[in-house]
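Take a look at the model first, and then we can go through it step by step.

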Amino acid sequence: MIRRARSVAVLGFLLAGAIGIISSTQTWLTVARADGGEELLVPGASALPLLAPLSLAVLALGAALSIVGRVLRYVFAVLAAAGAVLLITMTVPLVFAPPTHAVAPTVTEATGLAGDQAMVDIIAGITPTTWPATALVAWVLLITVSVFTIVTATRWKSGGRRYRAEADDHARRTGPLDPIDSWDELSHGTDPTR
């Protein structure tokens, strides 16, 4: 498992971020209107304005996690865990008891009414779809993978340095192989005639 720890962490970050981005475009809440009008569908990005930006940040952290060194692994894992906690606290109310402020922009856009009293008068009920719960599962996955990253980050192999050191050692032993290599060595300040 430790051999694949980096892959597991990166895939976990990317999966959580992708679910967040996809869910931001899907219907999270359905609003029944008291005036008998057509139901209003509220997408995730409207119900939770930080959903898309934080999901994009998680995707970026996941992509960068695949190439960073030990210190940044911890930094990225802590940032992802903090984002997961924030997203969990904002998503839980939308899953169990959606507040009116989550649908207010959509209701105002559709009806032209604004204000707390107008929302109480126009909204007969708010029903969550499965997308808030799906996103909540993604945030739990993200916090789990963040903790996994913190626990295993010291044991990840550092691939880039290992291969660079072997390649440099090989070049020193064999010298340039062709005229292009000679020019490259000159560009780096190495005398290819030695």
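A crossing is left-handed if the near helix is turned anticlockwise from the far one by less than a right angle, and right-handed if clockwise. Helix H4 passes H7 in a left-handed crossing, and the crossing of H1 and H7 is left-handed. Helices here are DSSP runs (H or I, at least four residues), numbered from the N terminus.

This is a predicted model, where local features need pLDDT of at least 70, side-chain atom pairs count only at pLDDT 80 or more, and totals for chains, interfaces and linings use all residues. Residues are numbered from 1 along each chain as its sequence is written, and side-chain values use heavy atoms, leaving out hydrogens and water.

Two packed helices are described by the angle between their axes and the distance between the axes. Axes are lines fitted to C-alpha atoms over the stretch in contact, with angles from 0 to 180 degrees between N-to-C directions.

| Pair | Angle | Axis distance |
|---|---|---|
| H1 (residues 5-24) and H7 (residues 131-152) | about 155 degrees | 9 Å |
| H4 (residues 70-96) and H7 | roughly 155 degrees | within 8 Å |

H4 is therefore roughly antiparallel to H7 (angles over 145 degrees count as such), and H1 and H7 are roughly antiparallel to each other too. Contact means heavy atoms within 4.5 Å. Among the residues that make the H1 contact with H7 are Gly 12 and Phe 13 of H1, and Trp 139 and Leu 142 of H7.

Finally, the structure holds 1 salt bridge (a side-chain nitrogen of Lys or Arg within 4 Å of a carboxyl oxygen of Asp or Glu). The side chains of Arg 33 and Asp 35 meet in it, at 2.8 Å from N to O.

Notes
Helices (H or I, at least four residues) and strands (E, at least two) are DSSP runs, numbered from the N terminus. Angles under 35 degrees count as roughly parallel, over 145 as roughly antiparallel, 65 to 115 as roughly perpendicular and the rest as oblique.
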